[in-house]
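Welcome to this short tour! Open your viewer, get ready to select residues, and follow along one stop at a time.

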Amino acid sequence: MVRNSGWMITLFALSLAWPASVHPADVSSGQVLGGSAKSPIQIEVYSDFQCSACREFYLGTIRQILQEYSSKDKVRIIYHEYPLMQIHKYSRDAARYSEAAARLGVKQQLAVMDALYMDQAIWSQDGKIEASISKALSLTDFQKLKKIMQDSSIDLAIEREIDLGNKSQIKSTPTIFIRYPGKQQKVEGIVTYIVLKQFIDAIIK
């Protein structure tokens, strides 16, 4: 409870202090997981599939935001691959699967993202990511995915997202940017669903 209250104070303090000029979300780099350009709140997430904090944030917060708010077009979630390859050996490989799955559709990408985070402790040991992905997709989609991954543009797309993250001064994952009418803010680390829900509800009330 203390942790949540602290986050609420921090978020609202930042919202008051942040400049009114807002940079639009960059969807030319990244994938829209839910919501639309008309959503009053946009959240950009920079994440690494081999990062344990990213796993907690995605499974405990992002999935619920998608279900509760993005499905009603209140929050748009934009996901950016930001593999920390210097400390996470297989994070770039995992990002390639996610990037390729995005080209199949949002439903398939979310299934792949779920599998990557749910099985993180397994594939992080040996790099055998494909075993987890194959269980998340139909045989037809899995075969399509493997073909897409042969396209060199997959790596180029990831590089664009990494470059965008570097320009946004991403230092750790997860890092999120929350944009809403007239304001924006950057938050590093895990934000619980309860805290983010309270923040969202206060904006769209």
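Which residues does Gln108 touch, leaving aside those up to four places away in sequence? Select Gln108 and look around: Ala101, Leu137 and Asp141 are in contact with it, where contact means heavy atoms within 4.5 Å.

Before moving on, a note on what you see: this is a predicted model, where local features need pLDDT of at least 70, side-chain atom pairs count only at pLDDT 80 or more, and totals for chains, interfaces and linings use all residues. Residues are numbered from 1 along each chain as its sequence is written, and side-chain values use heavy atoms, with hydrogens and water left out.

Gln108 sits in helix α4 (residues 106-118); helices are DSSP runs of H or I, at least four residues, numbered from the N terminus. Its relative accessible area is 17%, so Gln108 counts as buried (under 20%; exposed is over 50%, partly exposed in between, with a 1.4 Å probe and protein chains only).

Next, select Glu68 and Lys72. Their side chains form a salt bridge at 3.6 Å, N to O, meaning a side-chain nitrogen of Lys or Arg within 4 Å of a carboxyl oxygen of Asp or Glu. Glu68 is partly exposed at 31%, and Lys72 is partly exposed at 47%.

Now try Glu130 and Lys146, another salt bridge, at 3.9 Å, N to O. This pair links distant parts of the chain: Glu130 lies in helix α6 (residues 130-136) and Lys146 in helix α7 (residues 139-148), 16 residues apart.

Finally, select Lys197 and Asp201, whose closest N and O atoms are 3.5 Å apart in a salt bridge. Because they are 4 residues apart in helix α9 (residues 193-204), about one helical turn separates Lys197 and Asp201.

Terms used:
Helices (H or I, at least four residues) and strands (E, at least two) are DSSP runs, numbered from the N terminus.
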